[in-house]
Amino acid sequence: MTEKDAREAILSAVKSYCDTYHNQKPPFQEGQRIPYASRVYDSAEMVNLVDSALEFWLTAGRYTEQFEKKFAEYLGVRYCALVNSGSSANLLAFSVLTSPLLGDRRVFRGDEVITVAAGFPTTVTPIIQYGAVPVFVDVTIPQYNIDVSMLEQALSEKTKAVMVAHTLGNPFDLKAVKAFCDKHNLWLIEDNCDALGSKYTLDGKEYFTGTVGDLGTSSFYPPHHMTMGEGGAVYTNNPLLNKIMRSIRDWGRDCSCASGQDNLCGHRFDRQYGELPFGYDHKYVYSHFGYNLKATDMQAAVGCAQLEKFPSFVERRKHNFAWLHKALEGVSDKLILPVPCENADPSWFGFIMTCRDGVDRKKVVDYVEKHGVQTRMLFAGNLTKHPCFDEMRKTGEGFRIVGDLKETDRIMNQSFWIGVYPGMTDEMLDYMAKIVTEAVQTA
């Protein structure tokens, strides 16, 4: 048996194993636990995973290159860098803005970045870790996105960027935010980790979210729109930003050679860098303070198979959202139902609801969870209320709040959400709507 024959036999067995033991799901029965999110996959992902493992390259390789190319093509962007998580994607995207190569537009310590507190912490963490200052503005309900009317009030002579997420798949007002950034020469980072596949129409042209700003980020953690286990990506159309992000992702090195590749530029030993000796090995020249944020090729292999299915995932999420919205209209006097942003076509991550006055969220969530439907809060609720902000709250330094974050606090106290992942059946959706309806009628 040749190596090729052996590989084909192994992969055939893997496909049979997955089809037999992973893809046999019994019909839904009432009371069965319904998670807010779950992986949707078949033998293609498992075969790719094992195919990559058999090569035993382990670090970034051919599947990584394939994924970056195909993912960029899907989004319609020029450049994509695969990383090991969505949180790392946010870290990398923000770190790019601190590069000396950006001159006066570089973000320095003490500079300000406009964002929101009603979201996931790793949108904000890179700002704080670097020593920049997050400036928090409120959000709106029922869109749950940044209140663009607060942008000018949040502006100061120290403002350098806006870094904000598209909440649960619902695009924020990109027209207003992009215009604000263009007017004041600010960077825009779109945290697209919960909105992959969402679209926004700007000036008559439809864009995928994450591609309108200077940099976009995605997460491929299992609950997200597609998965490779752990994983994430940063993408851009700007060649300079691409150069910087690849340097910082790959230890901060100046060299652009891939792992295992030498002397792509032909000048490995004949240049002067910094105060190093002339001809110092270019593979070990560092132009940035960087990290190793690469994903493995096994993760990328799973992502390649997921990407083939991804358009169908988006359509099913839209279907599930519309089904729940229609089914819950009868209790809209007790729950504020979500509304898409104007000019947006969301690829929903979840179905978020806010309890109206007189409806006790705790009682609603307790009832829903007790009857097998998993719920989630809108992540941090109000991030500035969390223990990680204790020291900064005491000193009054390190962040700034514009206004009173009234709607952010309302979300913290009264909002929750349930899933719309593509593996949900219509029977599951009916059951979830039934349980939520019962919950709010008794709360």
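Q: Which element gives the most to the lining of the largest pocket, and how many residues does it supply?
A: The answer is α3, with six residues. α3 (62–75), β1 (79–83) and α8 (239–249) each contribute at least two residues to that lining. This is a predicted model, in which local features need pLDDT of at least 70 and side-chain atom pairs count only at pLDDT 80 or more, while totals for chains, interfaces and linings use all residues. Residues are numbered from 1 along each chain as its sequence is written, and side-chain values use heavy atoms, with hydrogens and water left out.

Q: What makes α3 (62–75) a helix and β1 (79–83) a strand?
A: Both names come from DSSP runs, numbered from the N terminus: a helix is a run of H or I with at least four residues, and a strand is a run of E with at least two.

Q: Why is the space of about 750 Å³ called a pocket?
A: The test uses a 1 Å grid over the protein atoms alone, and a pocket is an open set of points with protein on both sides within 12 Å along at least five of seven lines. The volume, about 750 Å³ for the largest pocket, is the space filled by probe spheres set on the points, which are joined across faces, edges and corners. A lining residue has an atom within 4 Å of a point. The largest pocket has 30 of them, and R246, R249, D250, S256 and A258 are the closest to its centre.

Q: How do you know how the lining of the largest pocket divides by class?
A: Each residue is sorted by type: Ala, Val, Leu, Ile, Met, Phe, Trp, Tyr, Cys and Pro are nonpolar, Asp, Glu, Lys and Arg are charged, and the others, Gly among them, are polar. That gives nine nonpolar, nine polar and 12 charged residues.

Q: What makes a space a cavity, and how many of 30 Å³ or more are there?
A: In a cavity, a 1.4 Å probe fits but cannot get out. The search of the whole structure finds two of 30 Å³ or more. The largest cavity has a volume of about 70 Å³, and residues including F120, T167 and L383 line it. Its lining has seven nonpolar, four polar and no charged residues. The second largest cavity, of about 50 Å³, is lined by 13 residues, with S38, V40, H224, H225 and M226 nearest its centre.

Q: How do you know whether the crossing of α9 and α13 is left-handed or right-handed?
A: A crossing is left-handed if the near helix is turned anticlockwise from the far one by less than a right angle, and right-handed if clockwise. The crossing of α9 and α13 is right-handed. The axes of α9 (residues 297–327) and α13 (residues 426–442) come within 10 Å and cross at roughly 35°. Such axes are lines fitted to C-alpha atoms, for helices over the stretch in contact, and angles run from 0 to 180 degrees between N-to-C directions.

Q: Which residues of α1 and α2 are in contact, and what makes it a contact?
A: Contact means heavy atoms within 4.5 Å. Among the residues that meet are I10, L11 and V14 in α1, with M46, V47 and V50 in α2. The axes of α1 (residues 3–21) and α2 (residues 43–55) come within 9 Å and cross at roughly 145°. This crossing is right-handed.

Q: How do you know that β6 and β7 pair?
A: Two strands pair if DSSP finds at least two bridges between them. β6 (residues 199–202) and β7 have four bridges, in the antiparallel sense, so they pass the test. L202 stands opposite K205 in β7.

Q: Why are β7 and β11 edge strands?
A: The sheet is open, with the order β7-β6-β11. β7 (205–208) and β11 (344–345) each have a single partner strand, so one side of each is left without a neighbour in the sheet.
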